[in-house]
Amino acid sequence: MSAPGDQPKFGRAHALVLRFTPSERAFHWLVAAAFFVMLITGLLMGKTGSFHDLMYATHLAAAGVLVAGGAVILLRGDRRALSQTRRDLSHLDALDREWLGRVPAAVFKHSPETPAGRFNAGQKLNFLLITLLLGALFVSGIGLLISGSHPYNAVFKAAHVAAAYTALALVVCHLYMALINPSTRPALRGMISGKVDAGWVRRYHTRKRAEEF
Ligand code: HEM
């Protein structure tokens with residue numbers, strides 16, 4: 001993590017490389033939009049009344065759109081790129097473990113990060129945890145739906161609320177990385193237009209130690 005106010009320099013400017021295909025970006029923004037709608041309607045739902053019913057219906061509809069939209073992207077989209085990204089995000093190796101071990105030094109002493117592949121170990125953990133938490137939200141949500149709401153099944157309710165707040169904490173960290181942290185902020189362009197600065201990829205996402213360049 002570079003020091004606050006430190007503007008990372010990436011060598012020759014504006015050579016852009018593809019980081020995410022339209023299918024990957026569509027999948028990401030579908031998950032992001034559905035997550036925020038489900039979060040807000042879940043927090044505002046309350047107990048009874050017409051506002052509750054509206055929030056409840058929107059909450060379930062967002063879950064439905066996430067599943068149906070995800071299925072459409074997987075069936076009609078670039079399956080090769082989507083499965084390659086899933087593989088890149090779900091495989092942790094020795095260099096990733098070294099990267100994780102160096103996080104405290106990188107955060108508190110601003111010491112150089114261990115080189116990362118296409119995704120660093122922090123992103124891989126984010127992907128794995130978010131996937132698990134979305135799964136827990138669906139299972140506990142369907143459990144609440146089947147067991148009825150008056151009164152709610154305490155176990156499903158506790159699991160649903162715990163998974164929601166844990167995912168929210170992860171997303172807040174994710175937003176800090178995507179929108180504020182100088183060394184990761186250049187990634188945002190990749191999730192919007194698909195392309196990122198080649199120098200940034202070389203500096204942060206190429207499995208070479210600084211001295212090997
Ligand atoms: C406005 C909100 C959001 C912004 C600006 C944003 C931005 C980004 C960016 C820029 C990347 C690519 C990182 C890279 O190129 O290496 C990314 C990846 C990712 N995003 Fe988001 N995101 C948002 C919301 C969400 C939400 C709500 C979720 C999940 C519930 C999510 C889950 C992920 C995951 C799992 C990845 C891949 C791993 C990672 O980079 O952490 N994002 N996001």
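## The ligand shell and its iron atom

Helix α1 contributes the most to the shell around the ligand, giving six residues. The model described here is predicted, and in it 22 residues surround the ligand, the closest being Arg19, His28, Gln123, Asn126 and His174. By class, this shell is made up of 17 nonpolar, four polar and one charged residues.

| Side chain | Ligand atom | Distance |
|---|---|---|
| Arginine 19 | oxygen | 2.7 Å |
| Asparagine 126 | oxygen | 2.8 Å |
| Histidine 174 | nitrogen | 2.7 Å |

The elements that give two or more residues to the shell are α1 (22-44), α6 (121-147), α7 (154-179) and α8 (187-192).

The iron atom of the ligand has two protein donors, the NE2 atoms of His28 and His174, which lie 2.0 Å from the iron. Around this iron atom there are six donor atoms in total, and because the angles they subtend run from 85 to 180°, the arrangement is octahedral. Since histidine 28 belongs to helix α1 and histidine 174 to helix α7, the pair ties together parts that are 146 residues apart in sequence.

Note on methods
Residues are numbered from 1 along each chain as its sequence is written. This is a predicted model: local features need pLDDT of at least 70, side-chain atom pairs count only at pLDDT 80 or more; totals for chains, interfaces and linings use all residues. Side-chain values use heavy atoms; hydrogens and water are left out. A residue is near a molecule or strand if one of its heavy atoms lies within 4 Å of it. A polar contact is a pair of N or O atoms within 3.5 Å; within protein, one must be able to donate a hydrogen and the other to accept it, and residues adjacent in sequence count only if both atoms are side-chain atoms. Helices (H or I, at least four residues) and strands (E, at least two) are DSSP runs, numbered from the N terminus. Ala, Val, Leu, Ile, Met, Phe, Trp, Tyr, Cys and Pro count as nonpolar, Asp, Glu, Lys and Arg as charged, and the others, Gly among them, as polar. Donors are N, O and S atoms within 2.8 Å of the metal (3.2 Å for Na, K and Ca); water is not among the atoms, so sites may look incomplete. Four donors count as tetrahedral if all angles lie between 85 and 135 degrees; four count as square planar and six as octahedral if opposite donors are over 155 degrees apart and all others between 65 and 115; anything else is irregular.
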